[in-house]
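Thank you all for coming; I would like to walk through one model slowly this morning.

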Amino acid sequence: MKVMKTLALVAAAALALGSAAPVLADSDPGPADYAAKLQGKRVILIPLSMGFDLAQGWSAILKREVAAFGGVFETRDPNWSTEAGAQAITDAINAEPRPDVLVVMAPDLNSYSKLLKKAQEKGIYVLLIDNPANFAADAYLGSDWTNLGALEAQAAVSFCGEGTSKKVGLVQGDEVNATSLYQYEGIMKVFAEHPDIQVAAKPVSNWDPTTARTVTATMLQQNPDLCAIIDFWDGDATGTAAAIREAGLTGKVKLITTGGGEKTADCDTLQNGTYDAVVTTELYIESYNMVAMIKYLLQSGIAPGTASARIYTLEQVTTKENMRPDSCWDLKALQALAGE
Amino acid sequence: MGALNQERIVLLIAVAIFVVAALALPDFLTPGNLIAIVRSISVLGILALGMGVVVIGRGIDLSMVAVMAMSVAWYLHLLNDGMADAAALGLTLAGVVAVGLANGFLVAYAEVPAIFVTLASGSFVFGFVRSQVISQDAVPVPLGHWMMDLGALRPGGIPADVYVFALMALAVWLFLRFTKWGRYVYFAGDNPVAARNAGIPVRPMLLLRYVLSALAAFAAGLLTAASLQSINSRVVNSTLLYDIVMVAVIGGIGLSGGKGGVRNVLIGAALIGLMLNAMTILQIPQLFQNLIKSGVLLAAIVVDGLLNPRDEQTAQQGDI
């Protein structure tokens, strides 16, 4: 009887094992499902221009990631022209095969809103990057520009301590772009909490380095005792830096700006004293947030335009003192990795 | 009314702005600010000198800003790639002269209107260099290059740009005033057919003028890069080209050719420099600055049209 019982147990165990064995050998359904939903999906990146560090960084990361899931990645280069960008979006909407995701950097608050809405209606997910716009994108990924401005202003406050004039100059972008308007708002919010800080002048560079140099030269003539200048973009801050340098005020007038965090543009310039503080927009975090959103949306099954989320990147002020080896990213290395 | 030609009107406006600004604006009349004003228009002035010579000869060169930015971008790219300075400079100069010759050839021999030729060549130069040569809008000056020293050079506390502008103004003045080919520019601009019938080499001179404007553009680009320690091709999208035309036209170099000279460029540049400086000190918003600038240009053109009506005889020769 005991033998019988043991035999039955063994048989039961064997049976259990036998039926369990196929389950163990079965593969994870994830990759097949992932591939089925992502294979061949088309992603198009339309920045303001492909000619600056951030756009090339986004492109390098997206290219590598989209290729990895078997998708098709393309870029369009409007070369800073709003019309060319609108044309690129229109072409993408009507293209055959139709793209699945548009990753768009809007030139201002309103220009692309209707076009992008149309793209969503046609079943294309729209991700807005870096520049906010009056449009409910499936996700906005990039800076909280008000907060970014606040970070710059806090850096200015720290530079303008006791014994300085406490006078700050601003070199604004263009007075129409969200990045310029919100940055200004954030700066002024912080200065409102520090009534001793005074904004001496706030000229506009139109994002052009030569204009930035000219207006800064004038500003420094009027206020040679400024303790800090906040320039709204490292793309034109080279001109502001030139004016400070030519006035012999390097080191005395601290220069704060914001940029993509590319090594030659931001960290090298912090190192050599051209800039004193830079709020970098954290390319890697921003780009991988885009990658995550693309992968999520393509598998989600939700219709484009259903939800709208803001995914702000956490940012900080980088100075010569707190700079780490990984504070900046190297465009050449990144492009080499993406095989560009 | 003849005494009050456009040149004098603009000069009066410039003097009026200067006097009002000197009285009303704080720290306007300091040596530093005056140097800053002259400096701010030096590069613009150099470009306007080149444009002026072309416009006097009844042409226009819309490729100047593209040549200015892209020639220097190419030069810096070659340097960053490790080419020897002399070779890189020689190659770039050859390229600049080639663009000038191509512009001149198409206008003079293919007889395509200058406005179309140079619009197209400017787009070509920008597109070719931007897409085939450089990978980014901004190209940095290599560390330790002489352009860095040039940018830091301030003899007598005055930036090098100002000296270059002054020397080029003198050279162009001497050319237009005292050389045979300089005088011919006016004849050719005033009435090309008559000039040709009189035996003036109108077509080879056209080539020369477009080469001169291309060289002026290259010089302006070098000075810009020297100061900013980089050149940014985005300047091609800016309003700089219109500013150049504005400086030339506002000072009284008529677009119908044969009129004006270096003095007109200087007056036009002075007005622009004073206006921009005063508006910056007054903190007038950018949008209004553009409005004021374009309003002044429009007014100058209208006044020019009223005071200097078209000469029926030459008007039939075709404008730009």
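This is a predicted model: local features need pLDDT of at least 70, side-chain atom pairs count only at pLDDT 80 or more; totals for chains, interfaces and linings use all residues.

Where is the place of A:P97 in chain A? A:P97 sits in the loop between helix 4 (82-94) and strand 3 (101-104) of chain A, where helices (H or I, at least four residues) and strands (E, at least two) are DSSP runs numbered from the N terminus. The peptide bond leading from A:E96 to A:P97 is cis, with omega near 0 degrees.

Residues are numbered from 1 along each chain as its sequence is written, and chains are lettered from A and ligands numbered from 1 in the order in which they are written.

Let me now take the domains of chain A. Chain A is divided into domain 1 (32-143 + 283-313 + 331-337) and domain 2 (145-280), with bounds that come from an automatic or database domain assignment. The C-alpha centres of domain 1 and domain 2 of chain A lie 31 Å apart. Their contact takes 12 residues from domain 1 of chain A and 11 residues from domain 2 of chain A, and two residues are in contact if their C-beta atoms, placed from the backbone, lie within 7 Å. On the domain 1 side, helix 3 (residues 53-68) of chain A brings the largest share, 3 residues.

Next, the sheets of chain A. In one open sheet, 6 strands follow the order 2-1-3-4-5-11 with parallel pairing, and two strands pair if DSSP finds at least two bridges between them. Strand 2 (72-75) and strand 11 (309-312) of chain A stand at the edges, each with a single partner strand, so one side of each has no neighbour in the sheet. From one strand to the next, the twist averages 20 degrees. Strand 3 and strand 4 (residues 125-129) of chain A pair in the parallel sense over 4 bridges, and A:V103 has A:L127 in strand 4 of chain A as its bridge partner.

Two helices lie across strands of this group. Helix 4 of chain A lies across strand 1 (42-46) and strand 3 of chain A, running at about 170 degrees to strand 1 of chain A; for such angles, axes are lines fitted to C-alpha atoms, for helices over the stretch in contact, and angles run from 0 to 180 degrees between N-to-C directions. Helix 11 (residues 283-300) of chain A lies across strand 1, strand 3, strand 4, strand 5 (139-142) and strand 11 of chain A, at about 160 degrees to strand 5 of chain A.

The other open sheet to mention has 6 strands of chain A in the order 7-6-8-9-10-12, with mixed pairing. Its edge strands are strand 7 (198-201) and strand 12 (317-319) of chain A, each pairing on one side only. Strand 10 (residues 277-280) and strand 12 of chain A run antiparallel and are joined by 3 bridges, and A:A277 has A:T319 in strand 12 of chain A as its bridge partner.

How many residues of chain A are in contact with chain B? There are 26, in contact with 27 residues of chain B. Helix 8 (209-222) and helix 9 (234-246) of chain A each supply at least two residues of that side of chain A, and helix 8 of chain A gives the most, with 9 residues.

Finally, inside chain B, helix 3 (residues 64-80) and helix 10 (residues 202-228) of chain B pack at an angle of about 55 degrees, with their axes 8 Å apart. That makes helix 3 of chain B oblique to helix 10 of chain B, since angles under 35 degrees count as roughly parallel, over 145 as roughly antiparallel, 65 to 115 as roughly perpendicular and the rest as oblique. Helix 4 (residues 85-108) of chain B also packs with helix 10 of chain B, at an angle of about 145 degrees and with their axes 7 Å apart.
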